[in-house]
Amino acid sequence: MSNITNYSFLFQSMFGGTKITWETGSTLPGVFQFSQLNSSSIQSQLKAASIDTSSKRYKAVIQQMTKDGCTGSMFTNVQSIKNLMKNYNSRGEWVDPDTGLTGLLVTDETGDSYKKIIDVPESSKDKMFEAVKNNFLNNNGMGDGKGKTEIYMDMYKQMKSDDRLSAGWTLGQYHKAYAQAFKSAIKTVDPTWDYGKAIPSGALDGITRESVESQLVKSGNTFVKKPSSGSILDIQI
């Protein structure tokens with residue numbers, strides 16, 4: 001999920017242009033240098049435009065603009081800031097424009113902390129297992145990603161905002177485990193098998209989601225095979 005990082009289009013579109021160059025000393029209406037943002041005159045303009053500069057929504061926009069390279073010498077305007085604020089909710093959370101969901105943006109604050117195993121819906125794991133299985137049966141393991149986005153989106157809607165990134169990470173680890181289990185089962189029958197090659201008949205018989213997960217144990221932020229599982233499935237994530 002990506003946020004808006006090219007602000008020039010917003011500035012240009014306000015005036016109906018596509019090739020406007022912002023130069024030092026520009027006097028176009030409402031345009032000011034980012035370094036002037038906290039001046040009394042600019043703050044008055046923001047308030048006149050009904051922008052609450054103490055709100056989390058406003059602060060999130062300014063923080064994102066700064067992080068994306070809007071420096072003191074660059075130009076912006078009140079309407080551009082107001083437009084960007086529509087991408088955030090009252091808690092200062094970025095709202096995905098396609099789904100309307102929050103909690104799906106990796107920030108400097110979250111870093112890699114979201115990469116942890118948490119509980120996810122059983123239905124999501126069921127759907128992911130079936131998607132991986134169908135990929136092997138129908139495409140000889142050569143996945144095209146079809147249906148995966150829908151599985152993730154359906155799961156995100158069932159999770160709390162603060163858990164969505166971790167849920168996505170967790171389901172991704174299950175996906176890897178399922179795929180590795182199928183690959184291992186096939187290579188037990190045909191050690192020369194590789195992705196794209198025809199799968200030996202019956203090689204995947206008896207593999208269920210439960211049989212795969214029964215061999216898994218959490219190790220840090222991923223899964224590994226239980227040392228004592230004794231299974232022929234060589235699950236290595």
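Because the model is predicted, local features require a pLDDT of at least 70 and side-chain atom pairs count only at pLDDT 80 or more, while totals for chains, interfaces and linings use all residues. Residues are numbered from 1 along each chain as its sequence is written, and side-chain values use heavy atoms, with hydrogens and water left out.

The protein contains eight helices and four strands, where helices (H or I, at least four residues) and strands (E, at least two) are DSSP runs numbered from the N terminus. Along the sequence, these elements are arranged in the pattern α-β-α-α-β-α-α-α-α-α-β-β. Of the 237 residues in the protein, 40% are buried; a residue is termed buried under 20% relative accessible area, exposed over 50%, and partly exposed in between (1.4 Å probe, protein chains only). The protein exposes about 13100 Å², of which carbon and sulfur atoms supply 49%. Accessible areas come from the Shrake-Rupley method with a 1.4 Å probe, and for residues only the protein chains shown count as cover. Contacts (heavy atoms within 4.5 Å) were also classified by sequence separation: among those between residues at least 6 apart in sequence, 68% join residues at least 24 apart.

In soluble globular proteins, nonpolar side chains tend to be buried together. A nonpolar core is defined here as a set of buried Ala, Val, Leu, Ile, Met, Phe, Trp, Tyr and Cys residues joined through side-chain atoms within 4.5 Å. The largest such core comprises 33 residues, and Phe136, Met155 and Leu204 have the most contacts inside it. Helix H5 (122–139), helix H6 (148–158) and H7 are the elements that give two or more residues to this core. The largest share, 10 residues, comes from H7. Apart from this core lies another, of 20 residues, among them Phe32, Cys70, Ile81 and Leu105.

With residues up to four places away in sequence not counted, Met155 touches Val120, Pro121, Ser124, Ala167, Gly168 and Leu171. One of these partners, Pro121, lies in the loop between helix H4 (78–85) and H5. Pro121 is buried, with a relative accessible area of 15%. On the same exclusion of residues up to four places away, Pro121 touches Met155, Gln158 and Met159. The C-alpha atoms of Pro121 and Met159 are separated by 8.6 Å, although the two residues are 38 residues apart along the chain.

Lys127 is located in helix H5 and is partly exposed, at a relative accessible area of 39%. Leaving aside neighbours within four places in sequence, Lys127 is in contact with Ile151 and Asp154. For the pair Lys127 and Ile151, 24 residues apart along the chain, the C-alpha separation is 6.7 Å.

The largest pocket has a volume of about 490 Å³. Of the 21 residues that line this pocket, the closest to its centre are Gly92, Leu105, Thr107, Glu109 and Thr110. On a 1 Å grid over the protein atoms alone, a pocket is an open set of points where a 1.4 Å probe fits, with protein on both sides within 12 Å along at least five of seven lines, and lining residues have an atom within 4 Å of a point. Grid points are joined across faces, edges and corners, and the volume is the space filled by probe spheres set on the points. Helix H3 (56–67) and helix H7 (164–189) each supply at least two residues of the lining, with H3 giving the most, four residues. By class, the lining has seven nonpolar, nine polar and five charged residues. In this classification, Ala, Val, Leu, Ile, Met, Phe, Trp, Tyr, Cys and Pro count as nonpolar, Asp, Glu, Lys and Arg as charged, and the others, Gly among them, as polar.

Several loop positions were also examined. Most residues other than glycine have a negative phi. Ser50, in the loop between helix H2 (40–48) and H3, has a positive phi near 65° and is exposed, with a relative accessible area of 65%. Asn140, in the loop between H5 and H6, likewise has a positive phi, near 55°, and counts as partly exposed at 23% relative accessibility. Lys160 lies in the loop between H6 and H7 and is exposed, with a relative accessible area of 64%. Lys160 and Thr102 are 58 residues apart in sequence and 9.1 Å apart in space, C-alpha to C-alpha.
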